[in-house]
Amino acid sequence: MDEINPRRPAVSAPMSVEEFDAAIRSVGTERYHDKHVFHKLLHGGKLNKGQVQAWALNRYCYQEAVPRKDAAFMSRVHDRALRREWISRIHDHDGLGDEPGGIERWLILTDGLGLDRDYVTSMRGALPATRHIVESYVRFVREQPLVVAVASSLTELFAPSIHRERIAGMLENYEFIGDGVMAYFRRRLSQAPRDSDFALCYVKANAITRAEQEACVDAVRFKCNVLWAQLDVLNHAYVTPALVPPGAFVPEKD
Ligand SMILES: O=C(O)c1cc(C(=O)O)c2c(n1)C(=O)C(=O)c1cc(C(=O)O)[nH]c1-2
(Lines give C-alpha, C1' and ligand atoms only; values in the text may rest on other atoms or scores of the structure.)
Protein backbone atom coordinates (compact mmCIF):
# COMPACT_ATOMS: atom_id res chain seq x y z
CA MET A 1 0.00 0.00 0.00
CA ASP A 2 1.27 3.51 -0.80
CA GLU A 3 2.13 5.54 2.21
CA ILE A 4 1.61 9.25 2.23
CA ASN A 5 4.96 10.93 2.63
CA PRO A 6 4.36 13.94 4.90
CA ARG A 7 7.57 15.60 3.69
CA ARG A 8 6.55 15.62 0.06
CA PRO A 9 5.18 19.08 -0.80
CA ALA A 10 1.52 19.08 -1.78
CA VAL A 11 1.14 19.41 -5.55
CA SER A 12 -1.91 21.52 -6.35
CA ALA A 13 -4.26 20.22 -8.96
CA PRO A 14 -4.37 22.15 -12.23
CA MET A 15 -7.03 24.83 -12.55
CA SER A 16 -9.96 23.99 -14.81
CA VAL A 17 -9.85 25.84 -18.13
CA GLU A 18 -12.55 28.20 -16.83
CA GLU A 19 -10.61 28.93 -13.64
CA PHE A 20 -7.42 29.48 -15.62
CA ASP A 21 -9.21 31.86 -17.98
CA ALA A 22 -10.68 33.76 -15.04
CA ALA A 23 -7.28 33.98 -13.30
CA ILE A 24 -5.72 35.53 -16.42
CA ARG A 25 -8.55 38.03 -16.83
CA SER A 26 -8.52 39.01 -13.17
CA VAL A 27 -4.94 40.24 -13.56
CA GLY A 28 -6.20 42.71 -16.15
CA THR A 29 -9.09 43.81 -13.99
CA GLU A 30 -6.69 44.46 -11.17
CA ARG A 31 -3.69 46.04 -12.85
CA TYR A 32 -4.01 46.78 -16.57
CA HIS A 33 -2.67 50.24 -17.41
CA ASP A 34 -6.12 51.64 -18.25
CA LYS A 35 -6.22 52.37 -14.51
CA HIS A 36 -3.05 54.48 -14.54
CA VAL A 37 -3.45 58.17 -13.76
CA PHE A 38 -1.35 59.12 -16.81
CA HIS A 39 -3.87 57.45 -19.13
CA LYS A 40 -6.73 59.19 -17.39
CA LEU A 41 -4.96 62.50 -18.02
CA LEU A 42 -4.09 61.57 -21.63
CA HIS A 43 -7.55 60.41 -22.61
CA GLY A 44 -9.32 63.09 -20.64
CA GLY A 45 -7.56 65.96 -22.45
CA LYS A 46 -5.69 67.05 -19.36
CA LEU A 47 -2.20 67.04 -20.89
CA ASN A 48 -0.64 69.79 -22.96
CA LYS A 49 0.82 69.12 -26.39
CA GLY A 50 4.36 68.71 -25.08
CA GLN A 51 3.23 66.05 -22.64
CA VAL A 52 1.37 64.20 -25.41
CA GLN A 53 4.52 64.41 -27.53
CA ALA A 54 6.52 62.93 -24.64
CA TRP A 55 4.06 60.03 -24.40
CA ALA A 56 4.17 59.37 -28.16
CA LEU A 57 7.94 59.40 -28.47
CA ASN A 58 8.45 57.20 -25.43
CA ARG A 59 5.76 54.81 -26.61
CA TYR A 60 7.64 54.57 -29.91
CA CYS A 61 10.24 52.54 -27.97
CA TYR A 62 7.54 49.98 -27.15
CA GLN A 63 6.37 49.88 -30.77
CA GLU A 64 9.94 49.34 -31.89
CA ALA A 65 10.51 46.55 -29.35
CA VAL A 66 7.35 44.52 -30.07
CA PRO A 67 8.40 43.06 -33.45
CA ARG A 68 11.87 42.34 -32.02
CA LYS A 69 10.35 40.36 -29.17
CA ASP A 70 8.20 38.49 -31.68
CA ALA A 71 11.30 37.70 -33.74
CA ALA A 72 13.09 36.55 -30.57
CA PHE A 73 10.13 34.30 -29.84
CA MET A 74 10.07 32.83 -33.33
CA SER A 75 13.77 32.07 -33.24
CA ARG A 76 13.03 29.54 -30.49
CA VAL A 77 10.01 27.87 -32.10
CA HIS A 78 10.55 24.53 -33.84
CA ASP A 79 6.89 24.11 -34.76
CA ARG A 80 6.43 25.43 -38.30
CA ALA A 81 2.68 25.91 -37.85
CA LEU A 82 3.27 28.14 -34.84
CA ARG A 83 5.85 30.20 -36.72
CA ARG A 84 3.42 30.59 -39.65
CA GLU A 85 0.85 31.98 -37.24
CA TRP A 86 3.20 34.18 -35.24
CA ILE A 87 4.90 35.86 -38.18
CA SER A 88 1.80 37.95 -38.87
CA ARG A 89 2.59 39.87 -35.69
CA ILE A 90 5.88 41.02 -37.19
CA HIS A 91 4.14 41.96 -40.44
CA ASP A 92 1.52 43.91 -38.47
CA HIS A 93 4.23 46.16 -37.08
CA ASP A 94 6.91 46.20 -39.75
CA GLY A 95 4.51 46.02 -42.69
CA LEU A 96 4.54 43.70 -45.69
CA GLY A 97 4.53 44.70 -49.36
CA ASP A 98 2.19 47.67 -49.83
CA GLU A 99 0.97 47.47 -46.24
CA PRO A 100 3.11 50.00 -44.35
CA GLY A 101 2.57 48.48 -40.90
CA GLY A 102 2.04 49.73 -37.37
CA ILE A 103 5.40 51.40 -36.86
CA GLU A 104 4.73 53.59 -39.89
CA ARG A 105 1.26 54.37 -38.53
CA TRP A 106 2.88 55.29 -35.20
CA LEU A 107 5.22 57.67 -37.03
CA ILE A 108 2.19 59.28 -38.71
CA LEU A 109 0.99 60.00 -35.17
CA THR A 110 4.33 61.48 -34.11
CA ASP A 111 4.49 63.47 -37.41
CA GLY A 112 1.04 64.80 -36.61
CA LEU A 113 2.28 65.91 -33.22
CA GLY A 114 5.06 67.88 -34.92
CA LEU A 115 7.94 65.62 -33.89
CA ASP A 116 10.88 65.04 -36.18
CA ARG A 117 10.98 61.43 -37.43
CA ASP A 118 14.72 61.03 -37.11
CA TYR A 119 14.54 62.28 -33.55
CA VAL A 120 11.72 59.87 -32.69
CA THR A 121 13.32 56.83 -34.33
CA SER A 122 16.73 57.60 -32.81
CA MET A 123 15.01 57.24 -29.39
CA ARG A 124 17.50 59.82 -28.09
CA GLY A 125 14.74 61.75 -26.38
CA ALA A 126 13.18 58.75 -24.66
CA LEU A 127 13.41 58.49 -20.92
CA PRO A 128 16.25 56.26 -19.73
CA ALA A 129 13.83 54.03 -17.82
CA THR A 130 11.57 53.54 -20.86
CA ARG A 131 14.34 51.81 -22.79
CA HIS A 132 15.10 49.52 -19.85
CA ILE A 133 11.45 48.66 -19.30
CA VAL A 134 10.71 47.72 -22.90
CA GLU A 135 13.92 45.70 -23.19
CA SER A 136 12.84 43.72 -20.14
CA TYR A 137 9.88 42.51 -22.21
CA VAL A 138 12.12 41.43 -25.11
CA ARG A 139 14.37 39.59 -22.64
CA PHE A 140 11.43 37.92 -20.91
CA VAL A 141 10.14 36.52 -24.19
CA ARG A 142 13.63 35.37 -25.18
CA GLU A 143 14.27 33.56 -21.91
CA GLN A 144 11.02 32.15 -20.55
CA PRO A 145 9.43 28.84 -21.59
CA LEU A 146 7.49 29.27 -24.83
CA VAL A 147 4.05 28.99 -23.26
CA VAL A 148 4.98 31.64 -20.68
CA ALA A 149 6.34 33.87 -23.43
CA VAL A 150 3.03 33.52 -25.31
CA ALA A 151 1.11 34.28 -22.11
CA SER A 152 2.97 37.56 -21.69
CA SER A 153 1.21 38.85 -24.83
CA LEU A 154 -2.21 38.23 -23.26
CA THR A 155 -2.51 41.80 -22.00
CA GLU A 156 -3.81 42.32 -25.53
CA LEU A 157 -7.07 40.80 -24.28
CA PHE A 158 -7.61 44.09 -22.50
CA ALA A 159 -6.27 46.42 -25.22
CA PRO A 160 -9.34 47.01 -27.46
CA SER A 161 -11.28 48.84 -24.78
CA ILE A 162 -8.36 51.14 -23.97
CA HIS A 163 -7.81 51.77 -27.68
CA ARG A 164 -11.46 52.71 -28.13
CA GLU A 165 -11.28 55.00 -25.10
CA ARG A 166 -8.08 56.60 -26.44
CA ILE A 167 -9.43 57.23 -29.96
CA ALA A 168 -12.61 58.83 -28.64
CA GLY A 169 -10.94 60.75 -25.81
CA MET A 170 -8.03 62.15 -27.76
CA LEU A 171 -10.16 63.15 -30.76
CA GLU A 172 -12.62 64.91 -28.52
CA ASN A 173 -10.18 66.62 -26.23
CA TYR A 174 -7.19 67.79 -28.27
CA GLU A 175 -7.49 70.18 -31.19
CA PHE A 176 -4.06 69.01 -32.39
CA ILE A 177 -5.26 65.39 -32.82
CA GLY A 178 -7.05 64.60 -36.11
CA ASP A 179 -8.73 61.41 -37.23
CA GLY A 180 -5.87 60.35 -39.53
CA VAL A 181 -3.28 60.13 -36.77
CA MET A 182 -5.46 57.71 -34.82
CA ALA A 183 -5.11 55.10 -37.59
CA TYR A 184 -2.66 53.07 -35.51
CA PHE A 185 -5.24 52.40 -32.80
CA ARG A 186 -8.08 51.81 -35.24
CA ARG A 187 -6.11 49.05 -36.92
CA ARG A 188 -5.25 47.45 -33.59
CA LEU A 189 -8.99 47.07 -32.88
CA SER A 190 -9.05 44.10 -35.27
CA GLN A 191 -5.42 42.93 -34.91
CA ALA A 192 -5.32 42.62 -31.11
CA PRO A 193 -8.37 40.30 -30.76
CA ARG A 194 -7.03 37.99 -33.47
CA ASP A 195 -3.67 37.78 -31.66
CA SER A 196 -5.10 37.38 -28.18
CA ASP A 197 -7.64 34.72 -29.30
CA PHE A 198 -4.81 32.64 -30.71
CA ALA A 199 -2.54 33.21 -27.70
CA LEU A 200 -5.29 32.32 -25.24
CA CYS A 201 -6.08 29.04 -27.04
CA TYR A 202 -2.37 28.22 -27.19
CA VAL A 203 -1.83 28.90 -23.51
CA LYS A 204 -4.90 26.90 -22.46
CA ALA A 205 -3.73 23.94 -24.56
CA ASN A 206 -0.08 24.05 -23.51
CA ALA A 207 -0.02 25.10 -19.85
CA ILE A 208 -0.97 21.77 -18.35
CA THR A 209 0.33 21.64 -14.81
CA ARG A 210 -0.68 23.99 -12.04
CA ALA A 211 2.87 25.38 -11.99
CA GLU A 212 2.75 26.11 -15.72
CA GLN A 213 -0.64 27.77 -15.40
CA GLU A 214 0.58 29.91 -12.52
CA ALA A 215 3.70 30.89 -14.47
CA CYS A 216 1.38 32.05 -17.29
CA VAL A 217 -0.75 34.14 -14.92
CA ASP A 218 2.50 35.60 -13.53
CA ALA A 219 3.57 36.44 -17.08
CA VAL A 220 0.41 38.52 -17.55
CA ARG A 221 1.23 40.24 -14.26
CA PHE A 222 4.80 40.87 -15.42
CA LYS A 223 3.53 42.36 -18.66
CA CYS A 224 1.03 44.61 -16.89
CA ASN A 225 3.99 45.85 -14.89
CA VAL A 226 5.93 46.56 -18.10
CA LEU A 227 3.03 48.68 -19.34
CA TRP A 228 2.40 50.34 -15.98
CA ALA A 229 6.03 51.23 -15.37
CA GLN A 230 6.25 53.04 -18.72
CA LEU A 231 3.46 55.34 -17.55
CA ASP A 232 5.01 55.76 -14.10
CA VAL A 233 8.19 57.17 -15.57
CA LEU A 234 6.26 59.46 -17.94
CA ASN A 235 4.20 60.73 -15.06
CA HIS A 236 7.29 61.24 -12.95
CA ALA A 237 9.14 63.14 -15.66
CA TYR A 238 6.42 65.22 -17.33
CA VAL A 239 3.49 65.72 -14.99
CA THR A 240 3.90 68.09 -12.05
CA PRO A 241 6.42 68.39 -10.65
CA ALA A 242 8.16 67.84 -13.97
CA LEU A 243 11.50 66.13 -13.48
CA VAL A 244 12.93 65.62 -16.96
CA PRO A 245 16.15 63.61 -16.73
CA PRO A 246 19.27 65.06 -18.39
CA GLY A 247 19.33 64.49 -22.15
CA ALA A 248 15.65 63.55 -22.45
CA PHE A 249 13.08 65.38 -24.58
CA VAL A 250 12.04 68.75 -23.15
CA PRO A 251 8.59 70.05 -24.30
CA GLU A 252 8.37 73.65 -25.50
CA LYS A 253 6.43 75.94 -23.21
CA ASP A 254 2.80 76.47 -24.36
O1 LIG B 1 -2.11 50.98 -26.33
C2 LIG B 1 -2.12 50.04 -25.54
O3 LIG B 1 -2.59 50.14 -24.40
C4 LIG B 1 -1.53 48.75 -25.98
C5 LIG B 1 -1.36 47.71 -25.09
C6 LIG B 1 -0.76 46.52 -25.53
C7 LIG B 1 -0.69 45.44 -24.55
O8 LIG B 1 -1.64 45.32 -23.74
O9 LIG B 1 0.28 44.72 -24.49
C10 LIG B 1 -0.29 46.43 -26.87
C11 LIG B 1 -0.58 47.52 -27.70
N12 LIG B 1 -1.17 48.63 -27.26
C13 LIG B 1 -0.23 47.50 -29.09
O14 LIG B 1 -0.53 48.45 -29.82
C15 LIG B 1 0.47 46.39 -29.62
O16 LIG B 1 0.78 46.37 -30.81
C17 LIG B 1 0.79 45.32 -28.77
C18 LIG B 1 1.50 44.14 -29.00
C19 LIG B 1 1.58 43.52 -27.79
C20 LIG B 1 2.28 42.26 -27.44
O21 LIG B 1 2.46 42.03 -26.26
O22 LIG B 1 2.68 41.53 -28.37
N23 LIG B 1 0.92 44.25 -26.86
C24 LIG B 1 0.42 45.35 -27.43
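1. A crossing of two helices is called left-handed if the near helix is turned anticlockwise from the far one by less than a right angle, and right-handed if clockwise. By that convention, the crossing of α3 and α4 is left-handed. Helices here are DSSP runs of H or I with at least four residues, strands are runs of E with at least two, and both are numbered from the N terminus.

2. Two remarks on provenance belong at the start. The model is predicted, and local features need pLDDT of at least 70, side-chain atom pairs count only at pLDDT 80 or more, while totals for chains, interfaces and linings use all residues. Residues are numbered from 1 along each chain as its sequence is written.

3. Two packed helices are described by the angle between their axes and the distance between the axes. The axes are lines fitted to C-alpha atoms, for helices over the stretch in contact, and angles run from 0 to 180 degrees between N-to-C directions. Helix α3 (residues 49-74) packs against helix α4 (residues 80-94) at an angle of about 160 degrees, with the axes 9 Å apart. The two are therefore roughly antiparallel to each other, given that angles under 35 degrees count as roughly parallel, over 145 as roughly antiparallel, 65 to 115 as roughly perpendicular and the rest as oblique.

4. On the α3 side of this contact stand Q63, V66, P67, D70, A71, F73 and M74, which meet R83, W86, I87, R89, I90, H93 and D94 in α4; contact requires C-beta atoms, placed from the backbone, to lie within 7 Å. The residues of the contact of α3 with α4 divide into eight nonpolar, two polar and four charged. In this division Ala, Val, Leu, Ile, Met, Phe, Trp, Tyr, Cys and Pro count as nonpolar, Asp, Glu, Lys and Arg as charged, and the others, Gly among them, as polar.

5. A second pairing joins α7 (128-143) to helix α11 (residues 210-238), with an angle of about 170 degrees and axes 9 Å apart. That makes α7 roughly antiparallel to α11. A129, T130, I133, S136, Y137 and F140 in α7 meet F222, K223, V226, A229, Q230 and V233 in α11, and the residues of this contact divide into eight nonpolar, three polar and one charged.

6. The UniProt annotation "domain: Thiaminase-2/PQQC", from an unreviewed entry, covers residues 23-232; such annotations may be inferred rather than shown by experiment. The end C-alpha atoms of residues 23-232 lie 25 Å apart, and the span is 75% helix and 0% strand.

7. A23 lies in helix α1 and is partly exposed, with 15 other C-beta atoms within 10 Å; a residue is buried at 20 or more such atoms, exposed at 12 or fewer, and partly exposed in between. Leaving aside neighbours within four places in sequence, A23 is in contact with M15 and V217. The C-alpha atoms of A23 and Q213 are separated by 9.3 Å, although these residues are 190 apart along the chain.

8. M123 lies in the loop between α6 (117-122) and α7, and is partly exposed, with 16 other C-beta atoms within 10 Å.

9. E172 lies in helix α9 (residues 159-173) and is exposed, with 11 other C-beta atoms within 10 Å. S12, found in the segment before α1 (17-31), also counts as exposed, with 11 C-beta neighbours inside 10 Å.

Notes: Contact = placed C-beta atoms within 7 Å.
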